[in-house]
Amino acid sequence: KAMGAFASTGEVPKTSHWQPTVDPEAAKYLMDRMIEESGVEMFFHSWGFDTIQDGDRVQGIVFQSKQGMQAILAKQVVDCTGDGDIFFAAGCGYRQITHGIGYVSRLGNIDRVTAKKPPENPGLAYDGLPKPWPTRSNEGNGTTWWGSRLGPKGDGLSVRELSKAEILHRRFWWEHVAEMRKTPGWEQVYIANNCSQIGPRATRILESEFISDRAAESRGENAREIVGWFGNCGAHNGMALNYRTLLPKRGENILAAGRCVGAPDTIDTFRLICPCFVSGQAAGTAAALAVRDSVSPRQLDVSRVQAVLRKANVFIG
């Protein structure tokens, strides 16, 4: 709000767990400024696809852009690609799973909806479950961030399946909103924009030093070498992040974070936005300390990571 951005105005029920509370364009601007202030040079329009290695030791990455192939040498690498593209190229072990391929639209003029409630049969989402039409904005600016549940399941690493899913989603949203506009009360609703990138929920999951699955959690093993906590609105109240979850079982000078860590039965927690924040901050902190201490992340004293995270107000417990 200090930036003059649109945010949740209080019209959204405080009990709701799934409402975005930031203006996405303001967030882009702010993150760009933060990157600049930190002294990091950002390369957009690039695609990382290979690694530079000495045995199992990762020494940099190779990426493709309109300039052709280029390389960046690095003392530490953090894979936040979501699909594990870098640890895959590095030869780290992983498990591939099939999950939903989602797509999000933002609907405009929701503040002009005059109906008090949606029709009894508002249409179906891809999983066959009824999806009520919105009657109020959840962004505070007349726009509603509206997902499509999980989307159709598919191979999120297949360019053919991703392309088909994107076409399917766009058609669904256009036709779905066209039906909305024929319904009294929703005549002025329109698609403000679709997401800029298709969203596979999960693809490759790192074979890490510590497999953070439900069995390990029930035994309390997650609560060792903790570098953060996060929760899921549906599955359970809170889950500890074990530092070893971010380390590949095989591979040096590389960590992973985001929706490519966890286990098949916990990925629906690890892949969510806030858990990605937590694992990303922990992995980035560990990488920086490993460089400073001239050790590999595997050799790093976890208490050092915890101390830095606590100073950043991360809850360790």
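A salt bridge here is a side-chain nitrogen of Lys or Arg within 4 Å of a carboxyl oxygen of Asp or Glu. By that rule the count comes to 15 salt bridges. Before I go through some of them, a word on the basis.

This is a predicted model, where local features need pLDDT of at least 70 and side-chain atom pairs count only at pLDDT 80 or more, while totals for chains, interfaces and linings use all residues. Residues are numbered from 1 along each chain as its sequence is written, and side-chain values use heavy atoms, with hydrogens and water left out.

On confidence: pLDDT is the predictor's confidence in each residue, from 0 to 100. The mean for the protein chain is 87, and 87% of its residues reach 70 or more.

Now the overall layout. The protein chain has seven helices and 15 strands. Those are DSSP runs numbered from the N terminus, with helices as H or I of at least four residues and strands as E of at least two. Of the 317 residues, 42% are buried. Buried means under 20% relative accessible area, exposed means over 50%, and partly exposed is in between, using a 1.4 Å probe and protein chains only. Taking contacts between residues at least 6 apart in sequence, 65% join residues at least 24 apart.

Back to the salt bridges. E217 and R214 meet at 3.2 Å, N to O. The two are three residues apart in helix α4, residues 214-218, so about one helical turn separates them. Both ends are partly exposed: E217 has 23% relative accessibility, and R214 has 27%.

R219 is exposed, at 53%.

Which helices does the pair R304 and D293 join? The salt bridge itself is 2.8 Å, N to O. R304 lies in helix α7, residues 302-311, and D293 in helix α6, residues 273-293, so the pair ties together parts that are eleven residues apart in sequence. R304 is partly exposed, with a relative accessible area of 30%, and D293 is partly exposed, also with 30%.

There is also a network of salt bridges, which links E209, E225, R244, E252 and R298.

Next, the interior. In soluble globular proteins, nonpolar side chains tend to be buried together. I call a nonpolar core a set of buried Ala, Val, Leu, Ile, Met, Phe, Trp, Tyr and Cys residues joined through side-chain atoms within 4.5 Å. The largest one here has 39 residues, and V227, L241, Y243, I254 and L255 touch the most other members. Elements giving two or more residues to this core include β13 (226-232), β14 (236-242), α5 (267-270), α6 and α7. Helix α6 gives the most, with six residues.

Take Y243 as an example. Leaving aside neighbours within four places in sequence, Y243 is in contact with E225, V227, L255, A286, P297, L300 and V302. Apart from this core lies another, of 18 residues, with W146, F172, W173 and I198 among them.

Now one of the sheets. Strands of a sheet pair through backbone hydrogen bonds, either parallel or antiparallel. For pairing, DSSP has to find at least two bridges between two strands. The open sheet I want to show has three strands in the order β9-β6-β11, with antiparallel pairing. Its edge strands are β9 (153-154) and β11 (199-200), each pairing on one side only. Strand β6, residues 99-102, pairs with β11 over two bridges, and G102 stands opposite G199 in β11.

What lies across this sheet? Helix α3, residues 159-181, lies across β6, β9 and β11, running at about 50° to β6. Axes for that angle are lines fitted to C-alpha atoms, for helices over the stretch in contact, and angles run from 0 to 180 degrees between N-to-C directions.

Last, two backbone points. Most residues other than glycine have a negative phi, and most peptide bonds are trans. H45 has a positive phi, near 55°. H45 is found in the loop between α1 (24-37) and β1 (47-54) and is exposed, at 76% relative accessibility. S294 also has a positive phi, near 55°. S294 sits in the loop between α6 and α7, and at 68% relative accessibility S294 counts as exposed.

Notes. Contact means heavy atoms within 4.5 Å.
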